[in-house]
Amino acid sequence: MGTKKRKLAGTVIGVVGGNALIAFAVAAFIVPQGIIMGGATGIGLLLSRIIPLPLSMLVLSVNAALFIWGTIVLGKKFAVTTIASTFLYPVLLQAIQMIPGIDVLSENIMLSALYGGVILGAGIGMIVRVGASTGGTDIFALIFNKWFHIPVAVLLYVVDFLVLGSQIFDSTSEQVLYGIITLVLETLFMNKVMLFGKSQIQVFIISDKYEEIRKKVLTEIDAGVTLFYIETGYDAREQKGVMCVLQNRKLYALRELVQAVDAKAFITVSQINEVSGRGFTLDRVYEKDAARAEK
């Protein structure tokens, strides 16, 4: 499968799977317990208390209205990345709500808040991870960002809290408090899923035997290496530092290798959130392969 087809398949899986998870969380945990939530679903929940229509229809109406407004203000590029979630989510929500027993998976509001927040975060993370948009009230934030240049992140929080606040007067104190727990978990797990599988370890090594360490890391650890020109602080002596980025499971082997070469080596280890480029998002090119390609 070519790169473009893999990317398209990944986008489809992310958007469909993400919306399915969001719809499942809302149908199985949020709606049955009356837990408040933000976004277009929150507006739909608010409207359902005064308009006798299915939640999926109300959410579809809200999403469609916001989508049209967003397309007018933000243009065609916005429409392309948003149209799928705008109309797919209400359809999936309606389908999942029709599953027998879906609304009685848990009668415990705490469990519903926990599971709902985790699954919502996972679903949103899957959608955002592939570069798509969840639509809904995110459109408010994008429009007001264009008009008033207020950061999108700030606007998202303002809109969500306004939607949450509008439901307070018709909800119990427990439903409100558990709604806040759901929102916090949703945000945490969204960030986790967005970066899942992309985080790596960055190791920086300072040693007089940097050349020997460089060779061993390349051959024995099979990790890429970058050398930095540095100057020691104590005696102002020029030398090189060795930096490499590798998977967590290789850290122990690297540390043992460095200490075997130079027990006094200075080593720092940092967690980095995302890595892209040769050896990570692109295939590694080894010396033999490079030489063959040149011929």
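## Close-up views of the predicted model

**View A. Asp222 in the loop between helix H9 and strand S2.** Asp222 is placed in the loop that runs between helix H9 (210-221) and strand S2 (226-231). The model shown in this and every other view is predicted. The phi angle of Asp222 is near 60 degrees, a positive value in a residue other than glycine. In general, most residues other than glycine have a negative phi. Asp222 counts as partly exposed because its relative accessibility is 33%, which lies between the 20% and 50% cut-offs.

**View B. Ala236 in the loop between strands S2 and S3.** The loop that holds Ala236 lies between S2 and strand S3 (238-246). Ala236 is not a glycine, yet its phi is positive, at about 50 degrees. With a relative accessible area of 49%, Ala236 is partly exposed, because exposed residues are those over 50%.

**View C. The crossing of helices H1 and H5.** Helix H1 (residues 3-33) packs on helix H5 (residues 109-129) with the axes 8 Å apart and at an angle of about 165 degrees. H1 and H5 are therefore roughly antiparallel to each other, since the angle is over 145 degrees. H1 passes H5 in a left-handed crossing. The contact of H1 with H5 comprises 17 nonpolar and eight polar residues, with no charged residues.

**View D. The crossing of helices H2 and H3.** The axes of helix H2 (residues 39-48) and H3 come within 8 Å and cross at roughly 125 degrees. The two helices, H2 and H3, are therefore oblique to each other. Their crossing, that of H2 and H3, is right-handed. On the H2 side the contact is made by Ala40, Thr41, Ile43, Gly44, Leu45, Leu47 and Ser48, and on the H3 side by Leu55, Leu58, Val59, Val62 and Asn63. By class, the residues of the contact of H2 with H3 divide into eight nonpolar and four polar, and no charged residue takes part.

**View E. The crossing of helices H3 and H6.** Helix H3 (residues 55-74) and helix H6 (residues 138-148) have axes that come within 10 Å and cross at roughly 25 degrees. H3 and H6 are therefore roughly parallel to each other, as the angle is under 35 degrees. The crossing in which H3 passes H6 is left-handed. From H3, the residues Leu66, Phe67, Trp69, Gly70, Val73 and Leu74 meet Ile139, Phe140, Leu142, Ile143, Phe144, Lys146 and Trp147 of H6. The contact of H3 with H6 has eleven nonpolar residues, one polar and one charged.

View F. Thr86 is located in helix H4 (residues 76-97). The relative accessible area of Thr86 is 0%, so Thr86 is buried. Not counting residues up to four places away in sequence, Thr86 touches Leu60, Asn63, Ala64, Phe67 and Gly135. Among these partners, Asn63 also belongs to the contact of H2 with H3, and Phe67 to that of H3 with H6.

View G. Helix H7 (residues 152-168) contains Val159. Val159 counts as buried because its relative accessibility is 14%, under the 20% cut-off. Apart from residues up to four places away in sequence, Val159 touches Thr137 and Phe140. Phe140 is one of the H6 residues that meet H3. Val159 and Met98 are 61 residues apart in sequence, and their C-alpha atoms are 30 Å apart in space.

View H. Val193 lies in helix H8 (residues 173-194). When its neighbours within four places in sequence are left aside, Val193 is in contact with Ala122, Gly125, Met126 and Arg129. Val193 and Glu274 are 81 residues apart along the chain, and 12 Å separates their C-alpha atoms.

**View I. Overall context of the close-ups.** The protein has eleven helices and four strands. Its C-alpha trace spans about 75 × 45 × 45 Å along the principal axes. The radius of gyration of the protein is 25 Å, whereas a compact globule of 295 residues would have one near 19 Å. Of the 295 residues in the protein, 37% are buried. Among contacts between residues at least 6 apart in sequence, 73% join residues at least 24 apart.

Notes:
Residues are numbered from 1 along each chain as its sequence is written. This is a predicted model: local features need pLDDT of at least 70, side-chain atom pairs count only at pLDDT 80 or more; totals for chains, interfaces and linings use all residues. Side-chain values use heavy atoms; hydrogens and water are left out. Axes are lines fitted to C-alpha atoms, for helices over the stretch in contact, and angles run from 0 to 180 degrees between N-to-C directions. Angles under 35 degrees count as roughly parallel, over 145 as roughly antiparallel, 65 to 115 as roughly perpendicular and the rest as oblique. A crossing is left-handed if the near helix is turned anticlockwise from the far one by less than a right angle, and right-handed if clockwise. Contact means heavy atoms within 4.5 Å. Ala, Val, Leu, Ile, Met, Phe, Trp, Tyr, Cys and Pro count as nonpolar, Asp, Glu, Lys and Arg as charged, and the others, Gly among them, as polar. The radius of gyration is taken over C-alpha atoms; the globule rule is 2.2 Å times the number of residues to the power 0.38. Buried means under 20% relative accessible area, exposed over 50%, partly exposed in between (1.4 Å probe, protein chains only).
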